[in-house]
Amino acid sequence: MADAPWAEIREKFQTALALSRVELHKNPEKEPYKSKYSARALLEEVKALLGPAPEEEDERPQADDSLGAGEHALGLPAELVDAEGPVAQGAVRRAVIEFHLGVNHIDTEELSAGEEHLVKCLRLLRKYRLSHDCVSLYIQAQNNLGILWSEREEIETAQAYLESSEALYNQYMKEIGSPPLDPAEHFLPEEEKLPEQERSKRFEKVYTHNLYYLAQVYQHMEMFEKAAHYCHSTLKRQLEHNAYHPMEWAINAATLSQFYINKQCFMEARHCLSAANVIFGQIGKIRTTEDTTEAEGNVPELYHQRKGEIARCWIKYCLTLMQNAQLSMQDNIGELDLDKQSELRALRKKELDEEERVRKKAVQFGTGELCDAISAVEEKVSYLRPLDFEEARELFLTGQHYVFEAKEFFQIDGYVTDHIEVVQDHSALFKVLAFFETDMERRCKMHKRRIAMLEPLMVDLNPQYYLLVNRQIQFEIAHAYYDMMDLKVAIADKLRDPDSHIVKKINNLNKSALKYYQLFLDSLRDPNKVFPEHIGEDVLRPAMLAKFRVARLYGKIITADPKKELENLATSLEHYRFIVDYCEKHPEAAQEIEVELELSKEMVSLLPTKMERFRTKMALT
């Protein structure tokens, strides 16, 4: 070390750390990095005062110093070499400075310079990386290089650095285990060194960050199972070490629930969402920690947004669980199959017996009072597929509660797309609840509620800017009217002599369904109002379904006028024929609508005969 007084070096280093922690918004507006540059100047002074690194004259880059390649990045076991003696001590202190210079350059968006300093840090520490004095610093340097390469979208390089950190942590804990020195301690006098408990806390936080970054890398690489595992482990560790901010933690847990929902792991999804609710409820009740992000200072706006986002995750949970039950119990025409329902009832006991075994294997959040609070939320919502209307209604009401909560923030003014998605989810909740309802009049009312919430959206939307959303809503409204018409026809069929009021109601519903299906189909036309010869893959199935349902609707219009009925049958035949002809020209379309295509072929064969009989009858009368 150079002859400079050690006290002067320590003071400069501590001042540099303090300047590094100054938030950007506290700097002058035109010099947002002023404090960072001041910190950098001090770090460079400390580096000069420390003198040249050991053997620096012959210090040439080696293959494993960059790009995530080589021994350290592959996570191969390290040999224990203690950082003892003046040479080793000098190398370690120099490495601490290189680390902070690296982070400083990254913070000021000078990534290449930042990488250079971090690589120098690794090179200085390589032989000591498993030691009590260096392991934490080495892992932090690799974590930062992992983040740097991730931001460059060099994900495999990022993965190599981060997996190396994980392997080194595991090796250290297995072979040594005692809390290692924090990097800052290399510039503290002996009497100011950290107690074991604080060292352990900081080291575990470094490892938690490592898992968090690995979760993001695996997500980016579409290794979703692994990403979820690391995310779950990160969240659990943050709670264990009380190193989290409630808002950020809650939104991450709610986001993780969506992975479990897609995997149909509803118990795990419910646990994540319940934990999110409990932790989110801590906002304002616990002191701000060093982990609080700058953005979270704007609490009112962000608070309501995050609350709305968690509510939307709950809506997806309730909706998907109900839809999953519907798929398990419906017959080939989408109605409740009583035999399947009975089979699932018989399996219910087995599902309940499995619960305890699954719970023991699952990673649970929190302990003690926190665990009890999460369990209390869980107990209010089932994770089992509903098997009847009452069970479905409980889930529906929970989902609807969160719909109202989400809409408090995601309003049509300012959040058009989000608001519409929430309303569509609300409509879908009514739709799937109707599946469980046995009373046809009540089912009609549920579809009517769907229409009442969807139709006003059409007024607020500019079709030029929201074409895809418009199509979705048109199709959904059409389908709701279509379902209502089918239900009214079924009710009329049970009556000996349906009155004119029922007939008028059926025809009005028919007319409304036709109107919205036609709006949807017209939206596919080009600016010259010509229907496309080739329908895009993204709208192929809905377009074919719309054509099929329009054909069926024309055939269902009730009229006493034979001439009008013949016109309706001709229009119906025209749409059925379109489907058959299109699938002959475009064979790939056939697999999208196999059932509807077979029925269309049948109707193309039968309707001309039926129409001929009508003509003959009309001629005779």
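**Before starting.** I'm working with a predicted model.

**Entry 1: α1 and α4.** I began with helix α1, residues 6-20, and helix α4, residues 85-107. Their axes come within 12 Å and cross at roughly 25°. Angles under 35 degrees count as roughly parallel, so I put α1 and α4 down as roughly parallel to each other. I looked up the handedness too: α1 passes α4 in a left-handed crossing.

**Entry 2: who touches whom.** Which residues of α1 meet α4? I found W6, F13 and L17 on the α1 side. Facing them in α4 are R93, V96, I97 and H100. Sorted by type, the residues of this contact come out as five nonpolar, one polar and one charged.

**Entry 3: aromatic pairs.** How many aromatic pairs does the structure hold? I got 26. One of them is W314 with Y402: the ring centres are 5.2 Å apart and the planes sit at 5°, so I logged the pair as stacked. This pair links distant parts of the chain, as W314 is in helix α12 (residues 299-329) and Y402 is in helix α15 (residues 389-409), 88 residues apart. Buried or exposed, I wondered, for W314 and Y402? Both are buried.

**Entry 4: another pair.** Next I checked F409 and F410. Their ring centres lie 5.0 Å apart with the planes at 90°, so this pair is edge-to-face. F409 and F410 are both buried as well.

**Entry 5: a cluster.** Last, I followed ring pairs through Y169, Y172, F203 and Y207, and they link these residues into a cluster.

Technical notes
Residues numbered from 1 in each chain as written. Predicted model: local features only at pLDDT ≥ 70, side-chain atom pairs only at ≥ 80, totals over all residues. Heavy atoms only, no water. Axes fitted to C-alpha atoms, helices over the stretch in contact; angles between N-to-C directions. Helix = DSSP H or I, 4+ residues; strand = E, 2+ residues; numbered from the N terminus. Parallel < 35°, antiparallel > 145°, perpendicular 65-115°, else oblique. Left-handed = near helix turned anticlockwise from the far one by under 90°. Contact = heavy atoms within 4.5 Å. Nonpolar A, V, L, I, M, F, W, Y, C, P; charged D, E, K, R; others polar. Phe/Tyr/Trp six-rings, centres within 6.5 Å; stacked < 30°, edge-to-face > 60°. Buried < 20%, exposed > 50% of the residue type's maximum accessible area, 1.4 Å probe, protein only.
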